[in-house]
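This briefing goes through a few local features, grouped by topic. Please have the sequence and the 3D view at hand.

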Amino acid sequence: MPQCQRRIKCNLKEKFERVFEGKAKEGQPTLLNEIYTELYITEGGTGGVNDEHEVTQIETASKKRLTEDTTVKCNDIFKPLSGRVAPIRTVLTKGVAGIGKTVSVEKFILDWAEEKANQHVHFIFALPFRDLNLIKDQHSLIELLCHFVPDLKTFEPNELCRYKILFIFDGLDECRLPLDFQNNESWFDVTKKTSLDVLFTNLITGNLLPSALLWITSRPAAANQIPPECIHQVTEIRGFNDSQKEEYFRKRFSDQNLACRIITHVKSSRALFIMCHIPVFCWISAIVLERLFTETDSGDIPKTLTEMYTHFLIFQTSLKNDKYRLQTPVTLNRKFLLKLGKLAFHNLKKGNLIFYEQDLTENDIDVTEASVHSGVCTEVFKEEFGLYQDKVYCFVHLSIQEYLAALYVFLSNSSADLLKTAVDEALESKNGHLDLYLRFLLGLSTNSSKTLIQRLMAQKRTRSRDINESIQYIKKKIQENLSPERTINLFHCLNELGDNSLVEEVQRYLNSGSLSAKDLTPAQYSALAFVLLMSDEELDVFDLKKFITSDEGRQRLLPVIKNSRTALLNSCNLTEKCCEALASALRSNSPPLRELDLSDNDLQDLGVQLLSAGLGDSHCNLEILRVDRCELTEKCCEALASALRSRSLYLRELDLSDNDLQDSGVKLLSAGLGDSHCNLEILRSVLLGIPYCYLEILRSRNLISATCIRDLILSKSLFLSLCRLSGCRITERGCSSLTSALRSNPSYPRELDLSYNHPGDSGMKLLSAVLEDSSCKLEKLNDGVEVGALYSCQLTLDPNTAYMRLSLSEGNRKVTCVAEEQPYPDHPERFICCQILCRESLTGRCYWEAEWSADRARIGVTYKGIGRKEASADCVLGHNDKSWILCCSPHSYSVWHNHKPTYIPIHPSGSRRVGVYLNWEAGTLSFYRVSSDGLTLLYNFSSSFTEPLYPGFYIYQNSSLSLSMLG
Ligand SMILES: Nc1ncnc2c1ncn2[C@@H]1O[C@H](COP(=O)(O)OP(=O)(O)OP(=O)(O)O)[C@@H](O)[C@H]1O
């Protein structure tokens, strides 16, 4: 193996040490290590679809606070994040076009090949989808790998499976495989031939090479093709943050004065600086500005996107002439650029970004001509070689395709209404796929572009367009009732046209501080929204009431919530009409919004239904939503429940008080509340007239926090004959509210279950007084069973299951993780990760306690069938459907089942002892914090257990855990 591995490393190093930046074959190769600038990569979301235009996403994402995200280094992509310990098999990395996905993959491989990182991996196989698309016949997995890496032929087929292998699949967005995860046959044999689609889906699901690591990269819109349950970590490349942008230019130029001039220039134009989030745009700017700043007669330095791209093309075409010294007639450039533009335009309309030879021929581009030009135009039109040397083409960045499409239309369409029609067409697009094209088309029509186009296309004259007419037309459109995203793009268009009058007016009002007193026109309100959205800084609190506005003005300011953390829209006369815009803001790519107050508005059921669509979206990070006093009835509850069930919901607090939900509404809502994806901790005041079974659901999901209880009690609506408040963390204070509620509503309840609470002596005294009160109908008070005394069981640790570095003592009741391996014999039940189980299998009711030391511990139960010999989630407690655990640290608790964490808002407060109560038949498993105050319920799992359960523990380095003697 070492020799073969060395050869593979050598080949990979040779392949990836240079980055061609479009200059596919000729040209000066740039060394990857010299230009590589660390990218801003975050742990990111769930891989959902976002159909917003990618440039719009960049503009919003650019304002995200850097501190609130977990950042990841490229080489650490397989290290578990967020306190997770389970090994990660599959990572999905999302990122918009040109953001650096391929460069990250290349840097990762290069660092491995140069033995700088990730040496635990024995082999890396880089299989870009661009190459996989070209594979037609059936292959076995081993054959496929040998195609890509001929050196592997020396291996016996099954030998390879013994090594740690990493597959890198770059560019899922370019994948032309059907990816039929549902219907593809399960495939386990690496030596049997099948279709590529079956091989790929089975690799992803883990049927083939389950111990291999997988890294998939994708543009966001295509990321949802992989079932989320197959992905263990999602990261997102956000491009460069502001300091990384500067670092990029500093690294790129040895002349630091030049680097400084370039940085100052891009910073002087907001549009350019925002675009520099995209590394490929940094590269375009670097090329253009380097040349212009070093030329003696550089003329105007580009300030708009259009000017930057036109300069870039001028530079590329003149590079061609220099290079071949052909003095190629510029008319040839013109013809060629127009052909490329035509290809760009027609495919942009269809959403195609990748072309094969056939696409070129169909667009009248001679393949040989294209390859001649590929030597000079490759920065524009990149030619890639697939596995079988078939050529695949694409524009270096989608924005170049958009620019060329605009150039083609500008030069070839002589219609007087061209610009108006283009504005109308772009406004019709739902996802804004023509937004940037429109910006370029308008930018090309300006006088400043005229001379540049003449230089580029060698045209004496270009058709004059009436810019003023276009400006007026756009301003008129801004007055209309368009979607907020399209309106914002129209402001970008005005910027390209050099007209910033609306924005400047609003800025003047803002600076004078008299904005709220002014009666702005609708267009000025949109300009205000644009200014607030484009501002450098994210708004901490956006309070709509501060802007005294008309109904229409409010509507136009709504998109600003995208750029704020807290949006106060309460008492703003909002109706259901605004909810679609709000939902769309919630859906936008990683908005910073965490708290949305919509209380006291006339949203009605329809409004909340519309809002729920945004709430359930995978991009929505909202934590607190207030819709109290919003005229809601049970009709909105189904939509809300379905949002609560959505896997991505971060919502912790939902205020629905003072609405007329009725029992039927609460019943619908409970279906969402009982779902394991629901993270809600506080639900205010929906507990009106709630039948006890729903109350049970709330309790079992640990929803009834102190606030909730108070609301519940004060709602004086405990119309229950049996009120179960067991394990609800009710303290003395809760008891005093409860007694006053019972007195004010003496008919109900008849029976009150307060077991597993902390009423204390004084709380119990208050309640007993109610029992004795003759006007009160309370007949039975269940005041807490001592579970410890009733169901305690004695456990012992099972040495046959112990990981080799776990040492047992105190009669197999204490386990410690040590540095040396223990002399345990081989055993089929022994774990290969730091875990151990107890001997006793549990089926009835049992209670036990465990005390842990050092940093962390994981305590729980598992079926016997949990994996033992694989370093995969199958074996790790809490990371599969066979086990349920509580993860304790000195600062927090979380519970895990089936790889899903739920964070518990209770502080350990110094306690290192945990109580576990299992009622196997009832299907409940409860974890308690044990402290001098008694038991505090941390979490209740509800499940239907099908097999006996074994207590199990994960012991961390230098930590120990002891089973406590009870009773
Ligand atoms: N980390 C980086 N350091 C320096 N330059 C970078 C970096 N990442 C990207 N670039 C520049 O941006 C260009 C585009 O990057 P890359 O090809 O990795 O984008 P991508 O995300 O794979 O895009 P696409 O989705 O279009 O394939 C590179 O050719 C390089 O010039």
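Which residues does Ser399 touch, not counting residues up to four places away in sequence? Ser399 touches Tyr309, Leu436 and Phe440, where contact means heavy atoms within 4.5 Å. The model is predicted, so local features need pLDDT of at least 70 and side-chain atom pairs count only at pLDDT 80 or more, while totals for chains, interfaces and linings use all residues. Residues are numbered from 1 along each chain as its sequence is written, and side-chain values use heavy atoms, with hydrogens and water left out.

**Ser399**
- Ser399 lies in helix H16 (residues 398-412); helices (H or I, at least four residues) and strands (E, at least two) are DSSP runs, numbered from the N terminus.
- Ser399 counts as buried because its relative accessibility is 0% (buried means under 20% relative accessible area, with a 1.4 Å probe and protein chains only).

**Helix H17 against H18**
- The axes of H17 (residues 418-428) and H18 (residues 435-444) come within 9 Å and cross at roughly 165 degrees; axes are lines fitted to C-alpha atoms over the stretch in contact, and angles run from 0 to 180 degrees between N-to-C directions.
- That angle makes H17 roughly antiparallel to H18 (over 145 degrees; under 35 counts as roughly parallel).
- On the H17 side the contact is made by Leu418, Leu419, Ala422, Val423 and Ala426, and on the H18 side by Asp435, Leu438, Leu441 and Leu442.
- These residues divide into 8 nonpolar, no polar and 1 charged (Ala, Val, Leu, Ile, Met, Phe, Trp, Tyr, Cys and Pro count as nonpolar, Asp, Glu, Lys and Arg as charged, and the others, Gly among them, as polar).

**Helix H17 against H20**
- H17 also packs with H20 (residues 467-479), at an angle of about 25 degrees and with the axes 10 Å apart.
- That makes H17 roughly parallel to H20.
- Leu419, Lys420, Val423, Asp424 and Leu427 of H17 meet Glu469, Ser470, Tyr473, Ile474 and Lys477 of H20.
- The residues of this contact divide into 5 nonpolar, 1 polar and 4 charged.

**Strand E26**
- In E26 (residues 883-888), 6 of 6 residues are buried.
- Ser883, Ile885 and Cys887 point one way from E26, and Trp884, Leu886 and Cys888 point the other way.
- E25 (residues 857-862) runs antiparallel to E26, joined by 6 bridges (strands pair if DSSP finds at least two bridges between them); Ala857 has Cys888 as its bridge partner.
- E26 is joined to E27 (residues 893-897) by 5 bridges, also antiparallel, and Cys887 has Ser894 as its bridge partner.
- E26 and E27 form a hairpin with 4 residues between them.

Methods
Buried means under 20% relative accessible area, exposed over 50%, partly exposed in between (1.4 Å probe, protein chains only). Angles under 35 degrees count as roughly parallel, over 145 as roughly antiparallel, 65 to 115 as roughly perpendicular and the rest as oblique.
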